[in-house]
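User: I'd like to learn how to read a few features of a structure, one at a time. Can you walk me through it?

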Amino acid sequence: MTGATANACWNTVPELRGAHVALEPLRTEHVPALRQALGGGELSRLWYANVPAPEAVEHYVAAALDAQARGETLPFAVRDSRGEVVGCTRCYALDAGVPRLNIGYTWYHRRVQRTGVNTEAKLLLLRHAFEALGCIGVGFETSWFNHASRSAIARLGAKQDGVLRNHKRHADGTPRDTVVFSILDSEWPAVRRHLRSLLDSHS
């Protein structure tokens, strides 16, 4: 892969498709559907989560696209097997020099939580990171208080690296202890097999 081709891969949001889910480049046109996916805003009321309120979705998407334009993130809208937009996710903390990235900023309509949607979305993102971008590591971060997210990340096969105390701030301004997980390239074959097994259980 030439330098120009590698740079294009790190700056282009791909379309990733599976049996349960499709990931497509986030666009302003997704705003109404994302607002609907948030329903009454129950997810945004989780003070430790980074989920926008329905009325803030337009700003949320604009900020993600601005970060993409700066080469900092690859944001996706997520569609389920019905073709409905049910949430979003992104790759961020992109570092082509290592190469490494993080996966996060993920939220879904309650209807598709605990289905195959997140499992396959993570499988597609990890496959892109390790097999298309050649990453040697992929990270995940979440608040200490987001126990559901911590369990979900561990369930993927990621290992906990540690806790960064007072690392960031929650949306309400309170200090956030960040729990850091990662998957290494040497672990990817086993994690891939594990995720495919989880998907089989949803079929």
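This is a predicted model: local features need pLDDT of at least 70, side-chain atom pairs count only at pLDDT 80 or more; totals for chains, interfaces and linings use all residues.

User: Okay, is N166 buried or exposed, then?

Analyst: N166 has a relative accessible area of 57%, so it counts as exposed. You'll find N166 in strand 7, which covers residues 159-169.

User: And which residues does N166 touch, if I skip its neighbours within four places in sequence?

Analyst: Those would be P175, R176 and D177.

User: Now the inside. How should I think about a core?

Analyst: The general idea is that nonpolar side chains tend to be buried together in soluble globular proteins. Here, the largest nonpolar core has 37 residues, and L23, L101, L126, V138 and F140 have the most contacts inside it.

User: Which helix gives the most to this core?

Analyst: Helix 4, residues 116-132, with 8 residues. Apart from that core lies another one of 16 residues, including A37, L38, V57 and V85.

User: What surrounds F140, leaving aside its neighbours within four places in sequence?

Analyst: Quite a list: F140 is in contact with N102, I103, K122, L126, I153, L156, A158, V179, V180, F181 and I183.

User: Last one: how do I read the packing of two helices?

Analyst: Start with the angle between their N-to-C directions; over 145 degrees counts as roughly antiparallel. Helix 4 packs against helix 6 (residues 188-202) at about 155°, and their axes are 10 Å apart. That angle is why helix 4 is roughly antiparallel to helix 6. Their crossing is left-handed.

User: Which residues make the contact between them?

Analyst: From helix 4, look at G116, T119, E120, L123, L126, R127, F130 and E131. Helix 6 brings W188, V191, R192, L195, R196, L198, L199 and H202. Sorted by class, the contact of helix 4 with helix 6 has 8 nonpolar, 3 polar and 5 charged residues.

Notes
Residues are numbered from 1 along each chain as its sequence is written. Side-chain values use heavy atoms; hydrogens and water are left out. A nonpolar core is a set of buried Ala, Val, Leu, Ile, Met, Phe, Trp, Tyr and Cys residues joined through side-chain atoms within 4.5 Å. Buried means under 20% relative accessible area, exposed over 50%, partly exposed in between (1.4 Å probe, protein chains only). Helices (H or I, at least four residues) and strands (E, at least two) are DSSP runs, numbered from the N terminus. Contact means heavy atoms within 4.5 Å. Axes are lines fitted to C-alpha atoms, for helices over the stretch in contact, and angles run from 0 to 180 degrees between N-to-C directions. Angles under 35 degrees count as roughly parallel, over 145 as roughly antiparallel, 65 to 115 as roughly perpendicular and the rest as oblique. A crossing is left-handed if the near helix is turned anticlockwise from the far one by less than a right angle, and right-handed if clockwise. Ala, Val, Leu, Ile, Met, Phe, Trp, Tyr, Cys and Pro count as nonpolar, Asp, Glu, Lys and Arg as charged, and the others, Gly among them, as polar.
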